[in-house]
Every structure is written in C-alpha cells, then in structure tokens.
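Here are my notes for your first look at this model. Keep the structure open and find each residue as you read.

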Amino acid sequence: MKKRIISMVLVGALAVSMGLTGCGSSTDSASTADTATETEEVVSAEAEAEEEEETTTTEASSDETYTLIVSTTRTGWIADWYDEFFADLEEKSDGRLQFQVNQNNEIGDPADCVTMFEAGTIDFLDMNVSASGANMPVSDLVHVPYYCDDPATAADIMWALYDAGYMTEYDGYHVLMYIPTDMMMVASTKEISTLDDFSGLKVRTSSSMILSALELCGATSVSIEASEVYMALSQGTIDASVSSPLYMVLSAYEEVCDYLLNMPICTGMCYLAVNEDSWNALPTDLGSVKFYLVFYV
C-alpha cells in the first residue's frame, strides 16, 4: 500500500511537471509521457496484486470454523429439539459453526452456568430467569401470581420491556427468544383444599415472587435444585413443588405426588441468548445464519 501511494504521488508530480514544461521540446514531452505511462502500469500492477491478496484473505476467512459452547436446562423432547436445532445451524453454515451442546445443566448448576455465560465461557445459554434470582428483577415481574393469565401474554410483556430498554439485566446478552412455560401449579404429596392447608407446608419454588406469596399463606420455602425435586418429594424433604404441568410430566411427579392444585398461578419464563461478544465475533459472511437464528426462533 505504501508503494502504491508513493507511485501515485510520482504520477501527480509528473503531471504537474508536464503542465509547466508544455512549451519544451517534443522529445522531452515524449520522454515524460513514457515515464508517466510506465509509472501508471506499476500502480495498476500493484493494485491488482493487492486485490488478489485481499481475495485470498477473504477466501481463507470463509474456511474458518467456530466452535460454540451451548448450555441448556432441558431434558426429554425439548432437549431433542435443541439437538436438532443446533445440528440444523451446523448444516446451514456448511460446517463452519460447530456446537457443543450440553443439556440439563451438564456443565454446572444454573447459577454457575449464568456466570460462565456472562464471562464468555458459554456462548449460547438456555435458562429460566428465576435461576438468576435477584440479578433479574424486571424479568421476575411475570411471576407475580395471577398477573398474567396465559404464556403468550407473558412473552409479549418480556419483549415489550426488552425492546423499550428496561431490561438492563440483559446487558451483554443477545436474546434470541423468550420461552414461556405453561401455567405453573402446585404438585403436592398432601391434599390442599383450603388456605389453612398451606400452613407449615414445605414448598419448593424457584421464583422469589411466588415464594413471597406462599409464605404469606403460611408455607415454608425449601431451596433445592430442580433436578433434586423428585427425590426430595419421595423422601419427604419437601411436601410440594411449584412447576409447570409439562415439567411435572417430564420429571414423573405423578409417581410421588397424589395431589395437584389445579389453580394456575403464573407462567414460568426461560430465554435463549447468545453472549454478545460471541455474537459480534461471527464474521459478516455468516450473516445469513445469523438472520436465520433471529427469525427462525
């Protein structure tokens, strides 16, 4: 590039010189013209060489592969869907994107996964907003009992808050989708037919909003991971758990719980996000895959 600039300066200088000496001999003019032509040819050759070099660099870049770490909270058919989804992305990128998909918090517990995601160790994260606890106070709004009466409304609220800029808790997150669960209910080993039945009931829930409501009813909160709920119910460590019916089925709660309080409390809320730095690091020639990610999900 430096040679090219110097050559262009020389051409300019020669052009000025030719203008000032236009009344000189024809021999001098011809000589000057020949020199200018030779200089222009050198500049042209150097420009072509640079273009070839840039093309080679672009082609080399287009062959580069990117390995991305994925962590989800999922089991069962939802985990299978994620496997298919990321396999589809690998195919659409012609193998340039490679995904290491870790299901059901295989990398670590939810809090650790959130920390690793924010640090860039995990690139894609599927997580329940409750797992971040006090770090996502605005997102917890949808867990206010009886505030939202259906999952679609809850998702609309999340996107409205996110698009309006209120979700500063997602700084560093490129959110691809909010995933509402079906309406959460209480599965219990003990019958709940009156408000008094909540008194002393040991209940597990992941939402601080639901926890506050249950404590006002006299229940006692027990904090355990979702993966430990089945065993805790079977051993009597807890008496009840607040969850979505779908998750209850996936976790076989019917084997350890005789009662279901068929009174929808609120929807659960999960998200699928990409670490912002990981998202921005993907090259522009993978734009079609990024477009697919945004609009498919």
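**Notes on the fold, the charges and the surface**

1. **A strand residue to start with.** F99 is found in strand β2. Bear in mind that this is a predicted model. Is F99 buried or exposed? F99 counts as buried, because its relative accessibility is 9% and the cut-off for buried is under 20%. Now find T67. F99 and T67 are 32 residues apart in sequence. In space, their C-alpha atoms are 5.8 Å apart.

2. **The largest nonpolar core.** In soluble globular proteins, nonpolar side chains tend to be buried together. Here the largest nonpolar core has 23 residues. Which of them have the most contacts inside it? They are M158, Y170, Y173, Y178 and Y271. Several elements give two or more residues to this core: helices α4 (110-119) and α5 (151-163), and strands β3 (124-128), β4 (173-183) and β10 (267-275). Helix α5 gives the most, with four residues.

3. Side chains of opposite charge can pair when their charged atoms come close. How many salt bridges does the model have? The count comes to three. One of them joins R74 to D126, with the closest N and O atoms 3.1 Å apart. This pair links distant parts of the chain, 52 residues apart. R74 sits in the loop between β1 (66-71) and α3 (76-92), while D126 is in strand β3. R74 counts as buried because its relative accessibility is 13%. D126 is buried too, with a relative accessible area of 0%.

4. **Salt bridges: D285 and R96.** The side chains of D285 and R96 also meet in a salt bridge, at 3.1 Å from N to O. Where do the two residues lie? D285 is in the loop between α9 (276-281) and α10 (287-296). R96 is in the loop between α3 and β2 (97-102). The pair links parts of the chain that are 189 residues apart. D285 is partly exposed, with a relative accessible area of 39%. R96, by contrast, counts as buried at 10% relative accessibility.

5. **Salt bridges: K190 and D239.** K190 and D239 bring their side chains together in a salt bridge of 3.7 Å, N to O. K190 lies in the loop between β5 (185-188) and β6 (202-204), and D239 in the loop between α7 and β8 (240-243), so the pair ties together parts that are 49 residues apart in sequence. K190 is partly exposed, with 44% relative accessible area. D239 counts as buried, at 5% relative accessibility.

6. Most residues other than glycine have a negative phi. Look at D94. Its phi is near 55°, a positive value in a residue other than glycine. D94 is in the loop between α3 and β2. D94 counts as exposed, because its relative accessibility is 71% and the cut-off for exposed is over 50%. Now turn to N105. This residue is not a glycine, yet it has a positive phi of about 55°. N105 belongs to the loop between β2 and α4. N105 is buried, with a relative accessible area of 19%.

7. **A negative surface patch.** Which residues form the negative surface patch? They are D109, D112, E225 and E228. E225 has its place in the loop between β7 (220-221) and α7 (229-235). E225 counts as partly exposed because its relative accessibility is 35%.

8. **A nonpolar surface patch.** W77, L246 and L250 make a nonpolar surface patch of about 280 Å². L250 is found in helix α8 (residues 245-250). Is L250 buried or partly exposed? L250 is partly exposed, because its relative accessible area is 32%.

Conventions: Residues numbered from 1 in each chain as written. Predicted model: local features only at pLDDT ≥ 70, side-chain atom pairs only at ≥ 80, totals over all residues. Heavy atoms only, no water. Patch = residues over 30% accessible without salt bridge, like charges linked within 9 Å, V, L, I, M, F, W, Y side chains within 5 Å. Areas by Shrake-Rupley, 256 points an atom, 1.4 Å probe, with all protein chains shown as cover. Salt bridge = Lys/Arg side-chain N within 4 Å of Asp/Glu carboxyl O. Lys, Arg positive; Asp, Glu negative; His and termini not counted. Charge placed at Lys NZ, Arg CZ, Asp CG, Glu CD. Buried < 20%, exposed > 50% of the residue type's maximum accessible area, 1.4 Å probe, protein only. Core = buried A, V, L, I, M, F, W, Y, C linked by side-chain atoms within 4.5 Å.
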